[in-house]
Amino acid sequence: MPNFKNVSLALLLLSAIPLAAHAETPLPDAIAAPGEAVVLTVHAEGAQVYECKAGVEGKLGWAFREPVATLMADGKTVGRHYAGPNWESVDGSAVVGKASGNAPGATANDIPWLKLDVISHRGSGVLTPVTTVQRINTSGGKLDGACDKAGLTKSAPYSADYIFLRKG
């Protein structure tokens, strides 16, 4: 069984490389987190899952259901991202977020950049001090087009960078 303190330390050290890239990414005011410090930066590869549902007017359309993604740092899997939205580290620590700001992605096919306030924590580890999560540098993830049968699911591949921040 791996020593989780060493895994947490390794995650923190691995996150130092993407920090330089984060510093160069201009963030829109809607997702900025002034005064917060970076705890961890990871890259995500996965899919945004949609379900065919009837909307308010009864017309069928694709509705976002959940993300499913692998979190990576320095080419290694360091966690996962899934419905909630939840982010879980290999050290067992996890956070759940609630969107508090968004900005458009670079193209019409990209899901928005987000700022999420952490509303709950689980476990102890690298994500324990996190108070805010930013999703930036999104690529893909949007699903357009008609759906003709309620209950069908379809996924749209996406990638993004997630920055985990703490107050102070």
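View 1. The model is predicted, and local features need pLDDT of at least 70, side-chain atom pairs count only at pLDDT 80 or more, and totals for chains, interfaces and linings use all residues. Residues are numbered from 1 along each chain as its sequence is written, and side-chain values use heavy atoms, with hydrogens and water left out. R80 belongs to strand β3. Leaving out residues up to four places away in sequence, R80 touches A69, L71, N86, W87 and E88, where contact means heavy atoms within 4.5 Å. A69 and R80 are 11 residues apart along the chain, and their C-alpha atoms are separated by 5.8 Å.

**View 2. V68 is a residue of strand β2.** V68 is partly exposed, at a relative accessible area of 43%. Apart from neighbours within four places in sequence, the contacts of V68 are G46, A47, V49 and H81. H81 stands 13 residues from V68 in sequence, with 5.8 Å between the two C-alpha atoms.

**View 3. The chain as a whole has 1 helix and 8 strands.** Helices (H or I, at least four residues) and strands (E, at least two) are DSSP runs, numbered from the N terminus. Along the sequence, the order is α-β-β-β-β-β-β-β-β. The chain has 168 residues, 41% of which count as buried. Among contacts with a separation of 6 or more, 63% join residues 24 or more positions apart.

**View 4. The largest nonpolar core is made up of 28 residues.** Such a core is a set of buried Ala, Val, Leu, Ile, Met, Phe, Trp, Tyr and Cys residues joined through side-chain atoms within 4.5 Å. W87, V95, V130, V133, Y162 and F164 have the most contacts inside this core. Two or more of its residues come from each of β1 (36-54), β2 (60-73), β6 (113-122) and β8 (153-167), and β1 gives the most, with 6 residues. Beyond four places in sequence, the residues touched by F164 include V38, W87, V95, V130 and V133. Another core, of 7 residues, lies apart from the largest one and has I31, A33, W113 and I136 among its members.

**View 5. The largest pocket holds about 210 Å³ of space.** On a 1 Å grid over the protein atoms alone, a pocket is an open set of points with protein on both sides within 12 Å along at least five of seven lines, a cavity is a set where a 1.4 Å probe fits but cannot get out, and lining residues have an atom within 4 Å of a point. Grid points are joined across faces, edges and corners, and a volume is the space filled by probe spheres set on the points. The pocket is lined by 15 residues, and Q48, F64, P85, L114 and R135 are the closest to its centre. β1, β2 and β6 each supply at least two lining residues.

**View 6. The largest cavity has a volume of about 40 Å³.** In the whole structure, 1 cavity of 30 Å³ or more is found. The lining of the largest cavity consists of L40, V42, L71, V78, G79, E88, S89, L127 and F164.

How values were computed. Buried < 20%, exposed > 50% of the residue type's maximum accessible area, 1.4 Å probe, protein only.
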